[in-house]
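The following report describes one protein model for a reader who is new to structural work. Please keep the sequence and the structure in view while reading.

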Amino acid sequence: MGYVLLAGAIAAEVAATTAMKYSEGFSRLWPSLITVTGYVIAFALLAQTLKTVQIGTAYAIWAGAGTAVIAAIGMVFLGEGLSVAKVAGIVCVIGGVVLLNLGGAH
């Protein structure tokens, strides 16, 4: 169940971060409300996740997956450029999460 909650936390964080792009510095109401609500939900779900998943594992997955998904959204939907450096960075983030999990984060 912890990993289901973690997936929800990641989804809420990604939605909040994406909405933040459209909030124009919190000057637009609806994207700003989505941002705040999304982060409240993300942290609430992450807190519940920590009841059953170790903090190092949960945070690494949350931060890594969120970073990779937001980078992909930026490239695919928001017109951000694709470069070898960006792809390498995403691969490093994902690799770091895998290494943390394999290296004794459990």
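## Packing of α1 and α3

Helices α1 and α3 pack with their axes 9 Å apart and at an angle of about 40°. Because of that angle, α1 is oblique to α3; angles under 35 degrees count as roughly parallel, over 145 as roughly antiparallel, 65 to 115 as roughly perpendicular and the rest as oblique. Axes here are lines fitted to C-alpha atoms, for helices over the stretch in contact, and angles run from 0 to 180 degrees between N-to-C directions. Where α1 passes α3, the crossing is right-handed, a term used if the near helix is turned clockwise from the far one by less than a right angle.

The α1 residues that meet α3 include Leu-6, Ile-10 and Val-14. Among their counterparts in α3 are Ala-58, Trp-62 and Ile-73. Contact means heavy atoms within 4.5 Å.

## Basis of the model

The model is predicted: local features need pLDDT of at least 70, side-chain atom pairs count only at pLDDT 80 or more, and totals for chains, interfaces and linings use all residues. Residues are numbered from 1 along each chain as its sequence is written, and side-chain values use heavy atoms, with hydrogens and water left out.

## Overall fold

The protein chain has four helices and zero strands, and its elements run α-α-α-α from the N terminus on. Helices (H or I, at least four residues) and strands (E, at least two) are DSSP runs, numbered from the N terminus. The C-alpha trace spans about 45 × 35 × 15 Å along its principal axes. Of the 106 residues, 29% are buried; buried means under 20% relative accessible area, exposed over 50%, and partly exposed in between (1.4 Å probe, protein chains only). Among contacts between residues at least 6 apart in sequence, 63% join residues at least 24 apart.

Not counting residues up to four places away in sequence, Ile-73 touches Val-14, Thr-18 and Leu-78.

## The salt bridge

The structure holds one salt bridge, in which the side chains of Lys-86 and Glu-80 meet (3.9 Å, N to O). A salt bridge is a side-chain nitrogen of Lys or Arg within 4 Å of a carboxyl oxygen of Asp or Glu.

## Accessibility of selected residues

| Residue | Relative accessibility | Class |
|---|---|---|
| Lys-86 | 34% | partly exposed |
| Glu-80 | 39% | partly exposed |
| Gly-95 | 27% | partly exposed |
| Glu-24 | 53% | exposed |
| Phe-26 | 48% | partly exposed |

Gly-95 lies in helix α4 (residues 84–102). Between Gly-95 and Thr-49 there are 22 Å in space, C-alpha to C-alpha, and the two are 46 residues apart in sequence.

## The loop between α1 and α2

Most residues other than glycine have a negative phi. In the loop between α1 and α2 lies Glu-24, which has a positive phi of about 50° although it is not a glycine. Phe-26 has its place in the loop between α1 and α2, and its phi is also positive, near 65°.
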